[in-house]
Amino acid sequence: MEVEIWDVDTQSMHSLVFKRWGSSRSYVFMANWTKDFVKRRSLKSGHEVAFHWNPYANRFHFSVLKSATEEDFSN
């Protein structure tokens, strides 16, 4: 199912595919994740991000909670 994702930090709307992964029974975002979030927001290992469902807007909200630091790369 295609869902709207509102990037709270950049005030921009994006669409991803929200899918149930059968083998693990987990849910994943697919399609433009790398282009619309990882590359556009320069996400790297150590960043903490959050998604939450906003029932009033009928969409997911995304935001970066913590930036990666130099310490994250020393391990």
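**A closer look at His 14**

Modeller: His 14 counts as buried because its relative accessibility is 11% (buried is under 20%, exposed over 50%, partly exposed in between, with a 1.4 Å probe and protein chains only). This is a predicted model, where local features need pLDDT of at least 70, side-chain atom pairs count only at pLDDT 80 or more, and totals for chains, interfaces and linings use all residues. Residues are numbered from 1 along each chain as its sequence is written, and side-chain values use heavy atoms, leaving out hydrogens and water.

So who's around? The His 14 side chain has a polar contact with the side chain of Ser 12 at 2.9 Å and another with the side chain of Arg 40 at 3.2 Å (N or O atoms within 3.5 Å, one able to donate a hydrogen and the other to accept it; sequence neighbours count only if both atoms are side-chain atoms). Leaving aside residues up to four places away in sequence, His 14 touches Val 3, Glu 4, Ile 5, Asp 7, Asp 36, Phe 37 and Arg 40 (heavy atoms within 4.5 Å).

Zooming out, His 14 sits in strand 2, residues 12-21 (a DSSP run of E, at least two residues, numbered from the N terminus). Strand 2 runs antiparallel to strand 3, joined by 5 bridges (pairing takes at least two DSSP bridges), and Phe 18 stands opposite Phe 29 of strand 3. The whole open sheet has 5 strands in the order 3-2-1-5-4, with mixed pairing.

Terms used: Helices (H or I, at least four residues) and strands (E, at least two) are DSSP runs, numbered from the N terminus.
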